[in-house]
Amino acid sequence: VGLTGQKKKNYSTSLVKTTWNQVPAYYNMNFEKLGKCIIINNKNFDKETGMDVRYGTDKDAGALLKCFRSLGFEVTIYNDCSCAKMQDLLKQASEEDHSNSACFACILLSHGEEDSIYGKDGMMIPIKDLAVHFRGDRCKTLLEKPKLFFIQASRGTELDDGIQADSGSISDTDANPHCKIPVEADFLFAYSTAPGYYSWRDPGKGSWFVQALCSVLDEHGKDLEIMHILTRVNCRVARHFESQSYDLCRNEKKQIPCVVSMLTKELYLGYRPSFYLQSYESSLMSH
C-alpha cells in the first residue's frame with residue numbers, strides 16, 4: 001500500500017475472519033439507563049467578542065430538554081460556557097462510569113464555523129476535540145455504545161438559494177471477546193447545516209434544525225432507527241422552512257442538515273430489549 005508523500009514501505013493487509021451471524025445488527029439497549037445527555041447552550045457572549053446574542057436558543061434548549069427526557073435520557077443543561085468549560089464538562093463526563101447506560105448524547109448550541117464551535121469567550125474549539133474524550137480507547141465504559149452529537153451552529157456564511165423542483169440483552173462483545181474495535185467507531189454527528197453554510201434560527205421559535213429534530217423525535221423517537229429519524233429531520237428542514245427577511249440578500253433562503261455517522265449497528269433509542277432480542281434471534285435464524 002503506497003502512502004502519499006512517503007517512501008513506499010512493505011505494508012500487508014489481511015481480512016479478519018468474523019462470523020457475521022454472531023454480530024448483532026442492532027445496538028444493545030438493554031441497560032438500566034438509556035444514558036446521559038449534556039446540552040451546552042451558549043446564548044450570551046462576552047462583550048469584547050462582539051458576537052451577537054443567540055436569541056431563540058433558550059427555546060431550543062427547553063424543547064431539547066423535554067424531548068430527550070421523554071426518550072429516557074438524564075439531561076443536564078449548561079449555559080454560556082467558555083471553550084475551557086466545555087472541554088472540562090465533556091472530559092468529566094467521559095471519566096464517569098457509563099457501564100449501566102446504553103449510550104451517550106451531547107447537544108451543542110452556539111455560534112460556529114466549519115467543524116468548530118465558539119465558547120462564550122469568543123474562543124473556538126474543534127468539535128473533534130470535544131468528542132475525543134469518548135473514543136473507545138479513552139472511555140472504556142462506552143466502548144461499542146453509540147455516542148451521539150447534535151450540533152446547532154453555523155458552519156460558514158454561505159446562503160442556500162434553493163431551486164424550484166418540478167414536484168413537490170445480549171452483550172455486544174459476547175460473540176467475539178477478542179475483536180478489535182476502531183477507536184473512532186460508534187460516533188454520530190448530526191449538524192444543523194451543510195459544511196460552509198449558515199444555520200438559521202428564529203428568535204421566537206428557535207432554530208429550524210432543533211424544531212425539526214424535536215418534532216420527529218416526539219413522533220418517532222422510540223420506534224424508528226436513528227438514521228431514518230435524521231433523514232426525516234433533513235426532509236422537514238429542507239421542505240418546511242424558508243427564510244423571510246426585508247434584506248433581499250437573506251430572503252427566501254433554504255437549509256439542509258448534515259449527518260456524519262461512524263455507527264456500526266442500527267440504533268433504536270426506544271428502550272425495548274424484547275424487540276432487540278427478537279431481532280437478534282431472527283438474524284441468527286436467517287443464516
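This is a predicted model: local features need pLDDT of at least 70, side-chain atom pairs count only at pLDDT 80 or more; totals for chains, interfaces and linings use all residues.

Next I asked which residues of α1 are buried. I found T57, D60, A61, L64, C67, F68 and L71. They sit on the same side of α1, because they cover an arc of only 140° around the axis.

Then I turned to the face of α1 that points away from the buried side; K59, K66 and R69 are exposed there. I also checked what comes just after the helix: G72 has a positive phi of about 120°.

**Into the interior**

I looked up the largest nonpolar core and got 41 residues, with L64, F68, F73 and L269 having the most contacts inside it. Several elements supply at least two residues each, among them α1 (57-71), β2 (73-79), β3 (101-109) and α5 (226-240). Which element gives the largest share of this core? That is α4, with eight residues. A general reminder to myself: in soluble globular proteins, nonpolar side chains tend to be buried together.

Leaving aside neighbours within four places in sequence, L64 is in contact with I39, R69, I107, L109, V210, L213 and C214.

My last entry is a second, separate core: it has 25 residues, including A93, F104, I127 and I151.

Methods. Residues are numbered from 1 along each chain as its sequence is written. Side-chain values use heavy atoms; hydrogens and water are left out. A nonpolar core is a set of buried Ala, Val, Leu, Ile, Met, Phe, Trp, Tyr and Cys residues joined through side-chain atoms within 4.5 Å. Buried means under 20% relative accessible area, exposed over 50%, partly exposed in between (1.4 Å probe, protein chains only). Helices (H or I, at least four residues) and strands (E, at least two) are DSSP runs, numbered from the N terminus. Contact means heavy atoms within 4.5 Å. The arc is that of the directions from the helix axis to the C-beta atoms.
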